[in-house]
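Q: I have a structure open here and would like to talk through a few of its residues with you.
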Amino acid sequence: MQKRVDGSTHFYRTWEDYRKGFGDPKNNYWIGNDAIHVLTKDQDQELRVDLHGFNGDTAYAAYATFYIGNEADKYRLTVSGYTGTAGDSLTNSHNGMAFSTKDQDNDKDSGGNCATSWHGAWWYNSCYNSNLNGRYGQSGDSGGKYTTWWHWKNKYEALKQTQMMIRHKKRIRL
């Protein structure tokens, strides 16, 4: 549903862009919030987030429950059941949050719009622990405006590649 491999596609976009989706699935891509809602509305999806650092290190975060609401609900995020090696940078700060973009502020930050402050679009609270749609950085870049996952390295370090994937939950038949 999301992929970042380089800085060739700009992710600092409008609500409409994120609603419809943009990019190329082979490179940089957001499938679109409408599509994510349709794929997850039955609440039978799990999420995996793959992270790649500029030094070659990798980590992942998997969530047993993942779905988002419809546009009327501002694509509100429901996520839980973390496992992985990256640390949980979604559940505590982002679960239950509406999606925000530069032109639609749905976060709880009283100081402004997290999407404009941190140059991205995401399920911001006040403001975030992850920002995978932030500005694409280069090796050594750090700071809140970059594509980042706080709990992996306990700092806002730009990531080289990210990917968010969903699939149907595995069901055990007895």
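Q: Is Cys 114 buried or exposed?
A: Bear in mind that this is a predicted model; in it, Cys 114 has a relative accessibility of 0%, so this residue counts as buried.

Q: And which residue does Cys 114 form a disulfide with?
A: Cys 114 forms a disulfide with Cys 127, and their sulfur atoms lie 2.0 Å apart, which falls within the 2.5 Å that defines such a pair. The count of disulfides comes to one.

Q: What about Cys 127, buried or exposed?
A: Cys 127 has a relative accessibility of 11%, and because buried means under 20%, Cys 127 counts as buried.

Q: Changing topic, where is Tyr 124 found?
A: Tyr 124 sits in the loop between α4 and β7, and with a relative accessible area of 0% this tyrosine is buried.

Q: Which residues is Tyr 124 in contact with, leaving aside its neighbours within four places in sequence?
A: With those neighbours set aside, the contacts of Tyr 124 include His 94, Met 97, Asp 107, Cys 114 and Asn 131. The side chains of Tyr 124 and Asn 131 are also joined by a polar contact of 2.7 Å.

Note on methods:
Residues are numbered from 1 along each chain as its sequence is written. This is a predicted model: local features need pLDDT of at least 70, side-chain atom pairs count only at pLDDT 80 or more; totals for chains, interfaces and linings use all residues. Side-chain values use heavy atoms; hydrogens and water are left out. Buried means under 20% relative accessible area, exposed over 50%, partly exposed in between (1.4 Å probe, protein chains only). Helices (H or I, at least four residues) and strands (E, at least two) are DSSP runs, numbered from the N terminus. Contact means heavy atoms within 4.5 Å. A polar contact is a pair of N or O atoms within 3.5 Å; within protein, one must be able to donate a hydrogen and the other to accept it, and residues adjacent in sequence count only if both atoms are side-chain atoms.
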